[in-house]
Amino acid sequence: MADRYLTFATTGPGRFLTRHLGLPQPAQLHRHSPEHPTLDGELLLLTAGKSTYPADLPTLLTSAGHTIASTTHHPTAVVLDATAVTDVETLSEVHTALHPVVREVAENGRVVILGSPPDPADHHQAAAQQALEGFVRSLAKELGRGRTATLVRVTGPIATAEPTLRFLLSPKSAYVTGQIIQTGPAETLAAPADWDRPLAGRTALVTGAARGIGEAVAEVLTRDGATVTLLDVPSAQQDLTRVAGRLGGSALPLDITAPDAGDRIAAALPDGRLDILVHNAGITRDRKLANMARERWTSVLDVNLAAVLATTDALLKAGAFSPGGRIIATASIAGIAGNAGQTNYAASKAGIVGLVRSLAPRALAEHGVTVNAVAPGFIETRMTAAVPLLIREAGRRMNSLGQGGLPVDVAETTSWLAQGGVNGQTVRVCGQSLLGS
Ligand SMILES: NC(=O)c1ccc[n+]([C@@H]2O[C@H](COP(=O)([O-])OP(=O)(O)OC[C@H]3O[C@@H](n4cnc5c(N)ncnc54)[C@H](O)[C@@H]3O)[C@@H](O)[C@H]2O)c1
């Protein structure tokens, strides 16, 4: 379903009218394409307090293809190293650094602030670092014109943050804004030989891949070099075979709620090993709790949560993951903010956030596998096209970018999480939805 408001609002008359009527002013987002793989323009590198990485950070940014600006004229990205902010005084240097340049940031530009995790043993440092969270969330709401702001809390060497910085400082992160992401620990990193095909030689399995977000995930993982097995219910076999054929992957028709789903996945893997598992399959069966028959509860919890737990456990137990394996599950902003008529769905998706938080450190310690989640907001798919017009319009506009995301936005985020450098994170792909922000 085309977003006609977005198309109109980005014309000359549309811009004029929306500005004068005080209506949302979404910008056309620049997404990744082979012709447009990078943010065009210079990157401004600033510090608040003393930089923790005076040599390593410029080297990393330069090797990632950025030209570090010598002037403040229309940078396409601003990176502010605030990792050494330890008190209210050094925090004020964030204002000093960004106040003169923020207006200058180009359309579709990026502001990335590097912070440190709040230190439980130092309440001044913790206060100042937590302050960056409120700062970034507010700035992301102010920026407009397709510009985004993100806080990256760095743990360990800056090299661990490289996949994250490459993602955030590229068109691939067009719909990710207002987020707080912690990178590290160091053992989550496996720098690729070729950053243009960072998943080369890796095998991936994507559930719910016959259409929608799952299809886009399979496509982007393939573009990034992975060999993909696409799984979906047997009734979707025709679509599944078509998509698998188009991508050169293999199709696995299987209901993930089947009691032996984990074993059947393990048996279907090329060479019996798996590097990347994307739990994307999901369903909704909406009703207010008072009207919700038990079947609606169990079917949603079975597909969205119980099957994710069961297949993850089975594959970890079978030793199916190679070291450096990645598990990426799919939550939802409904699981973070709650949504009327979705007690079942929101419970299942909040369960995913709990699963990720708990399993991530153990899966890394015991299997060398990272566990993260994406939490999509309003994404333009068949699922959301079926939503009544007024609710759909509200869903599209109620975020800082004033528009719905595309399946590819979730797919790009998934591919970045598959590259490593992060563990235990739930990253919202929601244009900073006002729900649960
Ligand atoms: N579209 C959105 O706005 C949005 C927002 C938040 C979260 N999500 C989540 O993203 C994921 C994908 O959503 P989508 O919009 O692409 O949905 P979709 O309905 O278009 O696709 C879901 C796919 O999962 C498959 N599936 C369902 N049950 C299955 C089972 N038991 N075994 C195997 N496959 C099964 C379906 O056949 C379908 O192909 C879901 O987990 C959904 O909850 C979507």
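Start by selecting the residues of the shell around the ligand: 14 are nonpolar, 9 polar and 4 charged. Here Ala, Val, Leu, Ile, Met, Phe, Trp, Tyr, Cys and Pro count as nonpolar, Asp, Glu, Lys and Arg as charged, and the others, Gly among them, as polar. You are looking at a predicted model, in which local features need pLDDT of at least 70, side-chain atom pairs count only at pLDDT 80 or more, and totals for chains, interfaces and linings use all residues. Residues are numbered from 1 along each chain as its sequence is written, and side-chain values use heavy atoms, with hydrogens and water left out.

Next, pick out Arg211, Ile213, Asp232, Asn280 and Tyr345, which come nearest of the 27 residues around the ligand (a residue is near if one of its heavy atoms lies within 4 Å).

Now zoom in on the polar contacts, pairs of N or O atoms within 3.5 Å. A side-chain N or O atom of Arg211 sits 2.7 Å from a ligand oxygen, and one of Asp232 is 2.6 Å from an oxygen of the ligand. At Ile256, look at the backbone instead: an N or O atom there lies 3.0 Å from a ligand nitrogen. On its own the ligand has 830 Å² of accessible area, and the protein covers 93% of this (Shrake-Rupley method, 1.4 Å probe).

Color helix H7 (212-223), strand S8 (227-232), helix H12 (343-367) and helix H13 (382-385): these are the elements that give two or more residues to the shell. Helices (H or I, at least four residues) and strands (E, at least two) are DSSP runs, numbered from the N terminus.

Between strand S6 (179-182) and strand S7 (203-207), find Pro185; the peptide bond from Gly184 to Pro185 is cis, with omega near 0 degrees. Between strand S2 (67-68) and strand S3 (77-81), select His74, a non-glycine residue with a positive phi of about 45 degrees.

Notes. A polar contact is a pair of N or O atoms within 3.5 Å; within protein, one must be able to donate a hydrogen and the other to accept it, and residues adjacent in sequence count only if both atoms are side-chain atoms.
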